[in-house]
Amino acid sequence: MSDTAVIPSEIKLFGKWDYVNVQTRDPSLKKYICLRPYYIPHTGGRHEHRRFAKAEAPIVERLINKLMRPGRNTGKKHLAYNIVKLAFDMIYERTKENPLQVLVRAIENSAPREETTRIMYGGIIYHVAVDVSPLRRVDLALRFITEGARIASFKSTKHIAECLAEEIILAASGDSRSYAISKKEEIERIALSSR
């Protein structure tokens, strides 16, 4: 064994992006956005054996897994990995910021705080507004971001990595042109009307 241990500050995502100064502003999401340093965001499903353990999976790996939704990219993790890697390079070129920080900001901005659920009472169904748990907020935000990228690249000349980078940048800035932000606002508007 060597005497030199790898210091977490030396570990960089894709060999480029630093984990050190990435911060989560939303206190409720801090526990569920895992920013533990990994060279390659691939845990091989080691987090699946316990309930709620997906919160311990790296946030970039969860984004990669969401890109492998049913359709053209089902099960092609290496392809999804390359898409995210290319998208992070594009994010850096456009914003000159750490793409990890931009992704975390996009998740915070596009995570809905309130949604509706159906309650059946005496044969009548009511829609009632409920608060969203932090883990579900992160899941929904990641789903909206990847859905927005997939919709933008479908029947388009743009590459999905370019669409993903654009979606993350728009969501991070809170722009209403972002699919994720518009879905979040729609869900919260429906919840507000059914209070």
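Me: Rings of Phe, Tyr and Trp (its six-membered ring) count as a pair if their centres lie within 6.5 Å, with planes under 30 degrees apart called stacked, over 60 edge-to-face and the rest tilted. With that settled, which residues form one aromatic cluster?

Reply: This is a predicted model, where local features need pLDDT of at least 70 and side-chain atom pairs count only at pLDDT 80 or more, while totals for chains, interfaces and linings use all residues. Numbering runs from 1 along each chain as its sequence is written, and side-chain values use heavy atoms, without hydrogens or water. As for the one aromatic cluster, its members are Phe14, Tyr81 and Phe88.

Me: Is the pair of phenylalanine 14 and tyrosine 81 stacked or edge-to-face?

Reply: The structure holds 3 aromatic pairs. In the one formed by phenylalanine 14 and tyrosine 81, the ring centres are 5.2 Å apart and the planes stand at 75°, so the geometry is edge-to-face.

Me: How many residues apart in sequence are the parts that this pair of phenylalanine 14 and tyrosine 81 ties together?

Reply: Helices (H or I, at least four residues) and strands (E, at least two) are DSSP runs numbered from the N terminus. Phenylalanine 14 sits in the loop between strand E1 (12-13) and strand E2 (17-18), while tyrosine 81 belongs to helix H2, so the pair bridges parts whose separation in sequence is 67 residues.

Me: And are phenylalanine 14 and tyrosine 81 buried or exposed?

Reply: Buried means under 20% relative accessible area and exposed over 50%, with partly exposed in between (1.4 Å probe, protein chains only). On that scale, phenylalanine 14 and tyrosine 81 are both buried.

Me: What is the angle between the planes of tryptophan 17 and tyrosine 92?

Reply: These two also make an aromatic pair, a tilted one, at 5.2 Å centre to centre and 45° between the planes. The pair links distant parts of the chain, with tryptophan 17 in strand E2 and tyrosine 92 in helix H2, 75 residues apart. Tryptophan 17 is buried at 9% relative accessible area, whereas tyrosine 92 counts as partly exposed at 36%. Back to the angle: 45°.

Me: Which backbone oxygen lies 2.7 Å from a polar atom of the side chain of serine 110?

Reply: A polar contact is a pair of N or O atoms within 3.5 Å; within protein, one must be able to donate a hydrogen and the other to accept it, and neighbours in sequence count only through two side-chain atoms. Serine 110 lies in H3 and is buried at 0% relative accessibility. At the start of that helix, a side-chain oxygen of asparagine 98 comes within 3.1 Å of the backbone nitrogen of leucine 100. For serine 110, the oxygen belongs to alanine 106.

Me: Which elements give two or more residues to the lining of the largest pocket?

Reply: A pocket is an open set of points on a 1 Å grid where a 1.4 Å probe fits, with protein on both sides within 12 Å along at least five of seven lines, and lining residues have an atom within 4 Å of a point. The largest pocket has 14 lining residues, with Arg72, Asn73, Arg150, Ser153 and Ile160 nearest its centre. Elements giving two or more are helix H2 (77-95) and helix H4 (134-153).

Me: How many charged residues are in the lining of the second largest pocket?

Reply: Asp, Glu, Lys and Arg count as charged; Ala, Val, Leu, Ile, Met, Phe, Trp, Tyr, Cys and Pro as nonpolar; the others, Gly among them, as polar. Lining residues here include His47, Glu48, Lys54 and Asp139, and H1 gives the largest share, 3 residues. Alongside 2 nonpolar and 2 polar residues, the charged ones number 6.

Me: What is the phi of lysine 155, which is not a glycine?

Reply: Lysine 155 lies in the loop between H4 and helix H5 (160-173) and is exposed at 79% relative accessibility. Its phi is positive, at about 55°.
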